[in-house]
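Morning, everyone. Please look at the screen.

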Amino acid sequence: PHQRPSCHVRSSLSLAPVPYEVRWAHQHVLLHYCLCRLCGPSPESGSSPNADNRDHLLLFKHQPVYTLDRSASEEHLSFLS
């Protein structure tokens, strides 16, 4: 039997905005968790690899931020002048 893919949705849209750095850290913790699950069983849980291989959709509110590519510099921020 073919299993349909599933997606775990985490939402806090009804709550007050949280600082961007907090949500960024949350994403990194979740990424680390997912990578560990893909790499092999957890000694403490005994679970098999890919036991929870669902995608994750994170819906959070945070204050507006500007994102720049790694090669960007302050010269690219023309609105500061």
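**One leucine, one serine**

Leu-31 counts as partly exposed because its relative accessibility is 46%. Partly exposed lies between buried, under 20% relative accessible area, and exposed, over 50%, using a 1.4 Å probe and protein chains only.

A word on the source. This is a predicted model, where local features need pLDDT of at least 70, side-chain atom pairs count only at pLDDT 80 or more, and totals for chains, interfaces and linings use all residues. Residues are numbered from 1 along each chain as its sequence is written, and side-chain values use heavy atoms, leaving out hydrogens and water.

Now the layout. The chain has one helix and two strands. From the N terminus, the order is β-α-β. Helices (H or I, at least four residues) and strands (E, at least two) are DSSP runs, numbered from the N terminus. Leu-31 sits in helix 1, residues 20–39.

How much of the chain is buried? Buried residues make up 12% of the 81 residues.

Ser-12 is buried, because its relative accessible area is 8%. Where is Ser-12? In the loop between strand 1 (7–11) and helix 1. What does Ser-12 touch? Leaving aside residues up to four places away in sequence, Ser-12 touches Arg-23, Leu-59, Phe-60 and Lys-61. Contact means heavy atoms within 4.5 Å.

With the same cut-off, take the whole chain. Among contacts between residues at least 6 apart in sequence, 67% join residues at least 24 apart.
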